[in-house]
Amino acid sequence: MSNPTNLHYTKEHEWVAIEGDVATIGITAYAAEKLGDVVFVDLPKVGSSTTYMKICGEIESTKSVGELYAPLDGEVIETNSAVVDAPETVNADPFGTGWLIKVRFTSLPQLLTAAEYDALTGEG
Amino acid sequence: MPVRYTSDLAEHEAVRTNAGVFDISHMAEIFVSGPQAATFLDYALVIQSSAIAIGKAKYALICNAQGHIIDDLIVYRLAEDQFLVIANAGNREPVVSALKERAVFQGFVGVEDRSDDFALLAIQGPNAVALLQKITDKDLSTLSYYSIDEGTVDGVASYLCRTGYTGEDGFEVLIPADKAVQVFNALIELGIQPCGLAARDTLRLEAGMPLYGHELNLNINPYQAGLGRVVKLERDEDFVGKSALAELAKQEVSPVLVGLVGTGKRAARAEYPILSGENQIGEVTSGALSPTLGYPVAMGYVAKEFAQIGDEVEVDIRGTRLAMTVVKLPFYKRSK
């Protein structure tokens, strides 16, 4: 799966969609594929704060545990309960209905472009 | 063998509900032959191989002089004077060396590592036997659990072994290495799901089967691992590890292997500490969110006083405590 060009990325395989001062965050198709079948997601609480490149959640597959790194500083304003109830959504639609959290950010750090992320994962 | 072909869960489910095939060619095949083969194996392993009927198989352990486990094996009797020993891939060298060393004083016995000559395919699942039947000349209904016979699969001369490592019915098929791709593809064409290492691991875990390197290692004796029944101390002849094992059998061994179940969706994984209050009382050796059962299951070693069925413990999952209960193994048993 190619990485959508309208999104931003981190080297820890999160994607970020920016809309105003709200960032929607998920993990990339590449990360979901590497993890295998996702069976459990542990997301930060609404109202908690996130710090750039600090772990704020976990994504567990049958074989391993992946960490969710916050791509920016801010406050969690929404978590995707559909993914908590049906973790396989992360594999099925990582860039869409498999989103994980929405964060109202206070500053926007330098994130990777799709082309840069493609280069990092050897795709594109 | 890859970790997965498509999806761990889909592969796991295929084996529980239909049929899957695993390429386990990495496992070691050691042929033990000669007029003294049975006597030799009686000395080299903890089981009584001489009591295995021709065409039958037995689960076995090879221990060192201290009674600790070098590997777990399956021993198949091919003929009066010929046995096939299947060992774990990672233990090929130690098992072959131990057997060869132990053969020195036995005379008239050949120990031949033929792992590179053979491919081994495991076909497992409730429909595995019926599907495999379509491409073999052998009437599979004549082979009961833990039996072996020769036959052809997709026209290829094979050994058909009714054994496995998934908790389901099925066969392990030993074929010449150069025919592996042909037979593997023929099995897939029957609708059998190719399965990887991840599914193999969750399947054997649900079935409560130990994995060397996790539940078994050189610091573990059979009594700790719940495998005391495999050791035949009552037989007259000596075998490697017998005196040490006889001592261990008399003692209260600790820690011991237990099965653990919890609630929720979070897995207690290998190497996570097992706690009682603030004290660490053991460690998880294998664990997953059981795909079949839907709750976390684990195996681990705990101190004897916490190892009774129904005992409550906790597992430290990266800082979060998961309450788990000691249960009888296996977690999953197929309906017959």
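Reader: Does A:D85 count as buried or exposed, and why?

Author: A:D85 counts as exposed, because it has 9 C-beta neighbours inside 10 Å. Please bear in mind that this is a predicted model.

Reader: Where is A:D85 found?

Author: A:D85 is found in helix α2 of chain A, which covers residues 81-85.

Reader: Which strands of chain A form the open sheet, and in what order?

Author: The open sheet has six strands in the order β1-β2-β3-β9-β8-β5, with antiparallel pairing. At its edges are β1 (8-9) and β5 (49-50) of chain A, each of which pairs on one side only.

Reader: How many bridges hold β5(A) to β8(A)?

Author: Two bridges join β5(A) to β8(A), residues 74-79, in the antiparallel sense. Within this pair, A:T50 stands opposite A:G74.

Reader: Which residue of chain B has a phi near 45 degrees?

Author: That residue is B:R318, and again the value is positive in a residue other than glycine. B:R318 is found in the loop between β16 (312-317) and β17 of chain B. B:R318 is exposed, with 11 other C-beta atoms within 10 Å.

Reader: And cis peptide bonds?

Author: One cis peptide bond joins B:S254 and B:P255, with omega about -5 degrees. B:P255 lies in the loop between α7 (242-250) and β12 (256-262) of chain B. The peptide bond from B:L329 to B:P330 is also cis, with omega near 0 degrees, and B:P330 lies in the segment after β17 (320-327) of chain B. Most peptide bonds are trans.

Reader: Turning to chain B as a whole, what does its secondary structure come to?

Author: It comes to seven helices and 17 strands. The radius of gyration of chain B is 20 Å, close to the 20 Å that the globule rule gives for 336 residues, so chain B is as compact as a globular protein of that length. Of these 336 residues, 46% count as buried.

Reader: What of chain A on that score?

Author: A compact globule of 124 residues would have a radius of gyration near 14 Å, and the 13 Å of chain A agrees with this. Buried residues make up 46% of chain A.

Reader: Which residues have the most contacts inside the largest nonpolar core?

Author: They are B:L45, B:V75, B:L121, B:I123 and B:A268, in a core of 133 residues. Strand β7(B) gives the most to this core, with six residues. Among the residues that B:V75 touches are B:L41, B:L45, B:F83 and B:V85.

Reader: What does β7(B) pair with?

Author: Strand β7 of chain B, residues 118-124, runs antiparallel to β10(B), and seven bridges join them. B:A119 has B:I175 as its bridge partner in β10(B).

Reader: Last topic: which residues of α3(B) are buried?

Author: B:V95, B:A98, B:L99 and B:A103 are buried in α3(B). They cover an arc of only 130 degrees around the axis, which puts them on the same side of the helix. The buried residues of α3(B) pack against elements of chain B including α2 (37-44) and β4 (69-79).

Reader: What does the other face of α3(B) carry?

Author: The face turned away from the buried side carries the exposed residues B:E93 and B:E101.

Conventions. Residues numbered from 1 in each chain as written. Chains lettered and ligands numbered in written order. Predicted model: local features only at pLDDT ≥ 70, side-chain atom pairs only at ≥ 80, totals over all residues. Pairing = 2+ DSSP bridges. Helix = DSSP H or I, 4+ residues; strand = E, 2+ residues; numbered from the N terminus. Buried ≥ 20, exposed ≤ 12 C-beta atoms within 10 Å, placed from the backbone. Arc of directions from axis to C-beta. Contact = placed C-beta atoms within 7 Å. Core = buried A, V, L, I, M, F, W, Y, C linked by C-beta atoms within 7 Å. Rg over C-alpha atoms; globule rule 2.2 N^0.38 Å. Lists of a residue's contacts leave out its neighbours within four places in sequence.
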